[in-house]
Amino acid sequence: MNEFTRRGFLGTAAAVGGTTVVTTALGGAPAAEAAVPEAADGVACGARTSLVKVDRADRRYQDLVTRGFNGRFRGRPDVVYVVHTADQVVDAVNQAVAAGRRIAVRSGGHCFEGFVDDPAVRAVIDMSQMRQVFYDSGKRAFAVEPGATLGETYRALYLDWGVTIPAGVCPQVGVGGHVLGGGYGPLSRRDGVVADHLHAVEVVVVDASGKARKVVATSAADDPNRELWWAHTGGGGGNFGIVTRYWFRTPGATGTDPSALLPKAPTSTLRHIVTWDWSALTEQAFTRIIDNHGAWHQRNSAAGTPYASMHSVFYLNSRAAGQILLDIQTDGGLDGAETLLNDFVAAVNEGTGVEPAVQRTTEPWLRATLANKFDTGGFDRTKSKGAYLRKPWTAAQAATLYRHLSADSQVWGEVSLYSYGGKVNSVPETATATAQRDSIIKVWMSATWMDPAHDDANLAWIREIYREIFATTGGVPVPDDRTEGTFINYPDVDLADPQWNTSGVPWYTLYYKGNYPRLQRVKARWDPRDVFRHALSVRPPG
């Protein structure tokens, strides 16, 4: 059951029921750096690979333009640059800007929308070969390059120093885009979002003359570039420049011992997988489960709760999947961990009259973290939507969930409810660009399918359930006393479409709340030519 994930439920339901590209320097292009890079301890790492430039005639082209998560989108840029250093990124950006080519950046390729695979994009900068993770003693922080995956980052931080960052559950996701949206994962109720631990960034920006350069921006109060750092703590990717390095250190951490500068990883992962068969769920039982789940989170989402180390995802799958599933995990080394999980399961199931199946496992933390599987088995066409809940679902919303999810339909739909709050909500909403600091549940909705002929049916399903769930606020989760907008790492272009957003509240308020004008000011200073843009990018002021 460890293979059951938010993106892999299709395959599970059916079951139940870095290399280096070696090339020569570009002809006619500035030569790449001749210097040999150094590891964290100053030891040479070997010969540096030159900037790689792949056009449509190159045999590598198809691999580089079809690696995105969402098969609904396929780009056809003129060129893909594979970069290995920050200076190569500067070189690639200068070439693209000089040629008048619109730029997009890819690290892990897991964007839910077609921001990279956009027909208007003529140059893609591929960061996948920039994947170093090391301790930078000069900054007293851990340096992570944007091409490193979350799995690679977890492994390096844990095995070398015993620490981690509270980032996502998907080992294959690239750090590059994940951090920029704020980043959230199983340790967030205990440790906050990953952006709360971002100490500094190195960014390639383009000035008003069209010249690219590197800038380092830190969280230090006296740093003249501090606002650029702030914008990268939840302002979203593809907005201000290209991050070529992140540095992580927990605010307030002191000393020079690396093992004391980020959160300690859990001792082990204690996990309960709880399943209810759709065949046993009446509307009354289903809505009681939803009510219980929401009420529990309302009682147990303050910072310092005994349940701070507990993370859960409630996969409310459509009937076609056969089951709904609650995936719960906590630090198995905590006193009373098993009792906490049992009490949570009992609270969610109370009064339903249905007995769920419960599978219990305990694994070493790193093994459990890296074991998550996200292969959708060919179901690579998807549409996603999100929301933050400040209060539990209303009775009308629970009834809407039941009606759509229980319908006899071939749509493989899902509404996932993520435990939220805890340490996340202890940070002021203006301290970082991640503005949602008063929610108890984070929602991710998706439809996933294989055949392009089924696009219309699946898009209709997810758009209709989302619009009906938030019918009283114009079809979207307007920031108010019940909801708090949505998550920029769940980008949804429908929010900018008046057909689907009739609230009168613009898309950028749903993502950024009151932080948006400040993000616009950062945009004006650091990307005055609007070089870095997409369908939901921060717009220049005015």
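A: Happy to. H197 counts as buried because its relative accessibility is 4%. Please keep in mind that this is a predicted model.

H197 sits in the loop that runs between helix 6 (188-191) and strand 7 (198-206). Setting aside residues up to four places away in sequence, H197 touches P166, D191, W247, F248, R249, T250, P251, L262 and P263.

Let us move on to a hairpin. Strand 5 (residues 133-136) and strand 6 (residues 141-144) run antiparallel and are joined by 4 bridges. They form a hairpin with 4 residues between them, and R140 in the turn has a positive phi of about 50 degrees. V133 stands opposite V144 in strand 6. Strand 5 is covered on both faces: V133 and Y135 are buried on one side, F134 and D136 on the other.

R245 and E145 meet through their side chains in a salt bridge, 3.2 Å from N to O. R245 belongs to strand 9 (residues 242-248) and E145 to the loop between strand 6 and helix 4 (150-161), so this pair ties together parts that are 100 residues apart in sequence. Both R245 and E145 are buried.

Inside the order, strand 11 (residues 311-317) and strand 12 (residues 323-331) pair in the antiparallel sense over 5 bridges, and I328 in strand 12 is the bridge partner of S312.

K385 forms a salt bridge with D494, and their closest N and O atoms are 2.8 Å apart. Since K385 lies in strand 14 and D494 in the loop between helix 12 (455-469) and helix 13 (507-512), the pair ties together parts that are 109 residues apart in sequence. K385 is buried, as is D494.

The loop between helix 12 and helix 13 also takes part in a further pair. The side chains of E484 and K513 meet in a salt bridge, 2.8 Å from N to O. This pair links distant parts of the chain: E484 is in the loop between helix 12 and helix 13, K513 is in the loop between helix 13 and helix 14 (516-526), and they are 29 residues apart. Both E484 and K513 are buried. Through shared partners, salt bridges join E113, K383, K385, R463, D492 and D494 into one network. The count for the structure comes to 28 salt bridges.

Finally, the rings. The structure holds 27 aromatic pairs. In one of them, W278 and Y402 are tilted, with 6.1 Å centre to centre and 50 degrees between the planes. That pair links distant parts of the chain: W278 is in the loop between strand 10 (268-277) and helix 8 (283-299), Y402 is in helix 11 (residues 395-405), and they are 124 residues apart. Both W278 and Y402 are buried. Y512 and Y516 form a stacked pair, 6.0 Å centre to centre with 15 degrees between the planes. Y512 counts as buried because its relative accessibility is 1%, and Y516 is buried with a relative accessible area of 3%.

There is also one aromatic cluster, formed by F112, Y184, Y388, Y418, Y420, W444, F487 and Y490.

Note on methods. Residues are numbered from 1 along each chain as its sequence is written. This is a predicted model: local features need pLDDT of at least 70, side-chain atom pairs count only at pLDDT 80 or more; totals for chains, interfaces and linings use all residues. Side-chain values use heavy atoms; hydrogens and water are left out. Buried means under 20% relative accessible area, exposed over 50%, partly exposed in between (1.4 Å probe, protein chains only). Helices (H or I, at least four residues) and strands (E, at least two) are DSSP runs, numbered from the N terminus. Two strands pair if DSSP finds at least two bridges between them. Contact means heavy atoms within 4.5 Å. Rings of Phe, Tyr and Trp (its six-membered ring) pair if their centres lie within 6.5 Å; planes under 30 degrees apart count as stacked, over 60 as edge-to-face and the rest as tilted. A salt bridge is a side-chain nitrogen of Lys or Arg within 4 Å of a carboxyl oxygen of Asp or Glu.
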